[in-house]
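Welcome! Here is a short tour of one protein model, written for someone meeting structures for the first time.

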Amino acid sequence: MRLPRSGAGWTIAVFGLLALLLGALGLIWPETQLRLLGFEVPAERAPGDYTGTFLTASSMASFNMGVYYLLAVATEWRPFYRFTVWFRLVTFTVFAIAVLSDVAPDRFFAVAAWEGLGAVATAAGLWWDARRAGAATDDSVPGPVPATDAAR
């Protein structure tokens with residue numbers, strides 16, 4: 001696996017790696033994942049409680065998403081980087097509303113904040129990369145040559 005080649009690539013790589021690892025954590029130690037998210041872990045689940053099933057599905061989705069993000073970094077797929085900014089802001093909004101409407105515990109706001117800050121970090125990385133590329137282009141293109149220099 002190659003290291004990221006841009007500022008935005010680093011933000012995508014960090015998120016991808018964490019998504020992959022947290023997805024694996026949920027698959028291997030689901031109770032630990034639930035505690036990290038601020039959910040109760042009862043000693044016994046009631047019949048019809050599909051928390052484990054849902055956690056398995058969301059952990060697998062997180063694991064897969066981590067792989068997709070790391071693949072995007074390996075190929076420096078910049079349109080994907082831009083796409084993630086908008087959808088991570090949507091995710092932030094949905095998760096924050098879940099906390100504010102008491103659908104999720106207050107600690108779950110950390111997940112919303114992670115998504116929002118990640119979107120902002122990737123947007124800043126894209127902006128910084130574009131500025132850096134613009135500066136490199138401006139410096140590498142010579143301007144008009146003064147007549148005195150042309151004669152030499």
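Let's begin with S6, which sits in the segment before α1 (7–28). This is a predicted model, where local features need pLDDT of at least 70, side-chain atom pairs count only at pLDDT 80 or more, and totals for chains, interfaces and linings use all residues. Residues are numbered from 1 along each chain as its sequence is written, and side-chain values use heavy atoms, leaving out hydrogens and water. Helices here are DSSP runs of H or I with at least four residues, numbered from the N terminus.

**Around S6**
- S6 is buried, with a relative accessible area of 6%; buried means under 20% with a 1.4 Å probe, counting protein chains only.
- Its side chain makes a polar contact with the side chain of R78 (3.3 Å), and another of 3.5 Å joins the side chains of S6 and D129.
- A polar contact is a pair of N or O atoms within 3.5 Å, where one must be able to donate a hydrogen and the other to accept it.
- Beyond its neighbours within four places in sequence, S6 is in contact (heavy atoms within 4.5 Å) with E76, R78, Y81, D129 and R132.

**Helix α4**
- α4 has 23 residues and reaches 33 Å from its first C-alpha to its last.
- Its buried residues are F80, Y81, T84, V85, R88, A96, A98 and V99.
- After α4 comes D102, whose phi is positive, near 60°.

**Where α3 meets α4**
- Y69, A72 and V73 in α3 meet F80, Y81, T84 and R88 in α4.
- These residues divide into five nonpolar, one polar and one charged.

Definitions and conventions. Helices (H or I, at least four residues) and strands (E, at least two) are DSSP runs, numbered from the N terminus. Ala, Val, Leu, Ile, Met, Phe, Trp, Tyr, Cys and Pro count as nonpolar, Asp, Glu, Lys and Arg as charged, and the others, Gly among them, as polar. Buried means under 20% relative accessible area, exposed over 50%, partly exposed in between (1.4 Å probe, protein chains only). The expected span of a helix is 1.5 Å times one less than its number of residues.
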